[in-house]
Amino acid sequence: MNAQKKRLDVWLIYRCVSCGSVWNCAVVSRGRPGGVGRELLERFMGNDPGLALECALDAGLLKGNGARRGPVDFAVEGELPGDEDCRVEIHAEGLSGIRLAAVLRAKLGLSRSELEQLVGAGDVACADGADALAAKLRPHRAVMVRARRC
């Protein structure tokens, strides 16, 4: 963090473990301290690790700085839906930009075409009405899954 003449700059500083090169990702550029908010300013000044992680996982912030994010590894925890219709609650803090379909395919062990068939038949749907094949993860998302009928 740096401040000069009532202007504030905040960066995430990345260092490559193999070559040692450094890249600065601007979080706030030439902003006014009052425009950031007191609580956020204190978290920046204290090098809050949670805030740093939140910024590091912000796809919009990275894209705005010219970064490209590669594939993100994730693990899906919890039981598989059983023999009854259910509502699946997905909590995905910090995983913005990942498609919901990728998470559903990973958990249900389905191919893209199999998931497309289930979505087309209405057996898998977002509770908020979003397209389950095109939707991106949000911090909280609910999906309705109908039990497979014989």
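Is arginine 30 buried, partly exposed or exposed? Arginine 30 counts as partly exposed, because its relative accessibility is 39%; the classes are buried under 20% relative accessible area, exposed over 50%, and partly exposed in between, with a 1.4 Å probe and protein chains only.

Before going on, the ground rules. This is a predicted model, where local features need pLDDT of at least 70 and side-chain atom pairs count only at pLDDT 80 or more, while totals for chains, interfaces and linings use all residues. Residues are numbered from 1 along each chain as its sequence is written, and side-chain values use heavy atoms, with hydrogens and water left out.

On confidence: pLDDT is the predictor's confidence in each residue, from 0 to 100. The protein chain averages 80, and 85% of the residues score at least 70. Helix α1 (residues 33-36) is lowest, with a mean of 74, and α6 is highest, at 91. Helices (H or I, at least four residues) and strands (E, at least two) are DSSP runs, numbered from the N terminus.

Back to arginine 30. Its salt-bridge partner is aspartate 9, with the closest N and O atoms 2.8 Å apart; the criterion is a side-chain nitrogen of Lys or Arg within 4 Å of a carboxyl oxygen of Asp or Glu. The pair links distant parts of the chain, 21 residues apart: aspartate 9 is in strand β2 (residues 7-15) and arginine 30 in strand β3. Aspartate 9 is buried, because its relative accessible area is 8%.

By this rule there are 7 salt bridges. Another of them joins arginine 112 to glutamate 116, at 3.3 Å between the closest N and O atoms. Both residues lie in helix α6, 4 residues apart, about one turn of the helix. Arginine 112 counts as partly exposed at 40%, and glutamate 116 does at 35%.

Now the cores, meaning sets of buried Ala, Val, Leu, Ile, Met, Phe, Trp, Tyr and Cys residues joined through side-chain atoms within 4.5 Å. The largest has 19 residues, and Leu100, Leu115, Val124, Leu137 and Val143 touch the most other members. At least two residues each come from α5 (100-108), α6 (112-120), β5 (124-126) and β6 (140-145). The most come from α5, with 4 residues. Apart from this core lies another, of 12 residues, including Val10, Leu12, Cys25 and Leu41. In soluble globular proteins, nonpolar side chains tend to be buried together.

Last item: valine 22. This residue is found in strand β3 (residues 22-31) and counts as partly exposed, because its relative accessibility is 44%.
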